[in-house]
Amino acid sequence: MAGKPKLHYTKGRGKMESIRWLLAAAGVEFEEEFIETKEDLEKLRNDGSLLFQQVPMVEIDGMKMVQTRAILSYIAAKYNLYGKDLKERAWIDMYVEGTTDLMGMIMYLPFQPADTKEKNLALIIERVTTRYFPVYEKALKDHGHDYLVGNKLSWADIHLLEAILMAEECKPDILSAFPLLQAFKGRTSNIPTIKKFLQPGSQRKPPADEKFVAVVRKIF
Amino acid sequence: MSGKPKLYYFNARGRMESIRWLLAAAGVEFEECFLETKDDLTKLRKDGSLLFQQVPMVEIDGMKMVQSRAIANYIAMKYNLYGKDLKERALIDMYVEAVIDLNELLVTHPFQPADKKEQHFATIVDKATNRYFPVYEKVLKDHGQDFLVGNRFSRADVQLLETLLMAEECKPDILAKFPLLQSFKARISNIPTIKKFLQPGSQRKPPLQEKDVPKLMKIFH
């Protein structure tokens with residue numbers, strides 16, 4: 001039964017947010033079922049819906065897909081956001097793994113003990129500005145194209161935009177030394193499907209706040 | 001300049017081992033350049049060889065590839081170990097990602113502080129025998145085929161075997177309740193390229209000894 005993909009997760013960003021971004025960018029409408037209590041998670045587990053007892057889980061094309069990267073790869077390939085050949089895919093994979101590492105650091109920040117937050121934030125900012133952003137700035141500079149790989153919108157661009165916006169939430173002027181990333185951000189944000197996703201009322205989720213952290217700790 | 005892929009990493013399993021397995025399973029000869037000191041790592045970084053300043057790095061087909069998943073994906077695709085279509089790929093990805101999660105627990109075990117080791121070990125055994133192994137046992141039971149996906153040898157089989165063997169190193173009878181995984185293990189181990197890789201003298205790396213941990217930590221700090 002074909003229908004809209006259905007996302008199973010908590011009502012927050014976490015590991016599902018990149019999937020929401022990718023579907024939205026591809027112009028794919030999706031439904032969401034939110035896990036609000038531990039019982040909700042147990043029910044999914046007892047139903048046999050979660051292959052490894054974990055979420056994210058996405059019902060798509062007759063499958064109950066789990067494992068974030070598996071889901072993202074499937075969506076990217078299905079909607080032609082994964083490059084035209086093996087080499088382009090290799091570059092997209094490398095770039096996406098970099099932005100995954102970057103976003104992973106930021107994602108866990110609200111869950112760190114309060115006394116380590118400041119130090120962790122400083123480390124994140126350092127890594128972002130010296131290890132990650134320079135790579136993407138250089139990639140754009142070297143080929144002078146609008147998109148990271150193959151002169152065409154791909155998963156790598158969508159993931160990078162998501163990472164940029166997340167990093168700016170950490171430090172609003174974090175792009176100050178990266179003019180091409182600033183232009184990239186402006187340009188990519190204006191793609192109609194993405195522009196729509198960035199508007200209030202979309203299925204994009206807000207950053208985790210203390211209340212959300214408490215809910216997540218209770219469920220998991 | 002040989003055409004063989006060249007692997008840059010420590011003389012240890014870590015995040016490079018799955019790549020060694022995959023290349024070996026595909027029958028691809030490869031060379032290795034071992035990082036032994038912090039200076040070796042610094043030199044690679046200064047050369048501009050490491051996109052995100054990290055290893056693993058593999059020189060392959062004119063690229064200096066980094067990020068173990070990206071590298072493994074490329075090798076799997078290139079050597080037809082990634083299924084025949086999108087849906088098979090989806091299954092392979094799901095199975096492989098979970099194996100990577102379990103691997104992560106196994107690989108980080110030597111680095112646990114002494115007072116956390118026992119609990120970490122218990123977590124490994126619990127997750128392996130309650131969360132992961134039952135899934136693969138059921139997959140094999142449900143279709144009754146020799147390989148996990150598409151009745152054909154794929155990356156999922158290679159990486160599962162790797163992890164089964166590592167889990168047994170942790171606890172030798174860990175497969176006691178999983179007869180189909182036991183026969184899977186024997187069967188996949190007998191595939192000629194893999195059998196060769198499992199023999200002494202191959203490029204497969206031994207488990208990390210506790211005495212090697214300080215040396216490795218020094219390279220990073």
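Residues 85-208 of chain B are 67% helix and 0% strand, with end C-alpha atoms 37 Å apart. Helices here are DSSP runs of H or I of at least four residues, strands are runs of E of at least two, and both are numbered from the N terminus. UniProt, in an unreviewed entry, gives this span of chain B, residues 85-208, as "domain: GST C-terminal". UniProt positions are in the numbering used here, feature names are shortened, and annotations may be inferred rather than shown by experiment.

A word on the source. This is a predicted model, in which local features need pLDDT of at least 70 and side-chain atom pairs count only at pLDDT 80 or more, while totals for chains, interfaces and linings use all residues. Residues are numbered from 1 along each chain as its sequence is written, chains are lettered from A and ligands numbered from 1 in the order in which they are written, and side-chain values use heavy atoms, with hydrogens and water left out.

The other annotation is on chain A, where UniProt lists residues 3-83 as "domain: GST N-terminal", also from an unreviewed entry. Over residues 3-83 of chain A, the chain is 36% helix and 20% strand, and the end C-alpha atoms are 26 Å apart.

B:Gln159 sits in helix 6 (residues 155-170) of chain B. Its relative accessibility is 3%, so B:Gln159 counts as buried; buried means under 20% relative accessible area, exposed over 50%, and partly exposed in between, with a 1.4 Å probe and protein chains only. Apart from neighbours within four places in sequence, B:Gln159 is in contact (heavy atoms within 4.5 Å) with B:Ser18, B:Val96 and B:Val99.

B:Pro207 lies in the loop between helix 8 (192-197) and helix 9 (213-220) of chain B. At 35% relative accessibility, B:Pro207 counts as partly exposed. Again leaving aside neighbours within four places, its contacts are B:Arg13 and B:Glu169. B:Pro207 and B:Glu169 are 38 residues apart in sequence, and their C-alpha atoms are 8.2 Å apart.

Now helix 3 of chain A. Of its 11 residues, 8 are buried, so helix 3 of chain A is largely enclosed by the rest of the structure. What do these buried residues pack against? They pack against helix 1, strand 3 (57-60), strand 4 (63-66) and helix 6 of chain A, together with helix 4 of chain B. After helix 3 of chain A comes A:Asn80, with a positive phi near 60 degrees.

In helix 6 of chain A, 14 of the 16 residues are buried, so this helix too is largely enclosed by the rest of the structure.

Last, the cavities. The structure holds 3 cavities of 30 Å³ or more. A cavity is a set of points on a 1 Å grid over the protein atoms alone where a 1.4 Å probe fits but cannot get out, and lining residues have an atom within 4 Å of a point. Points are joined across faces, edges and corners, and a volume is the space filled by probe spheres set on them.

The largest cavity has a volume of about 130 Å³. It is lined by 16 residues, and A:Arg69, A:Ser73, B:Arg69, B:Asn73 and B:Glu97 lie nearest its centre.

The second largest cavity has a volume of about 40 Å³. Its lining includes A:Arg13, A:Trp21 and A:Glu169. Helix 6 of chain A gives the largest share of that lining, 4 residues.

Key
On a 1 Å grid over the protein atoms alone, a cavity is a set of points where a 1.4 Å probe fits but cannot get out, and a pocket is an open set with protein on both sides within 12 Å along at least five of seven lines; lining residues have an atom within 4 Å of a point.
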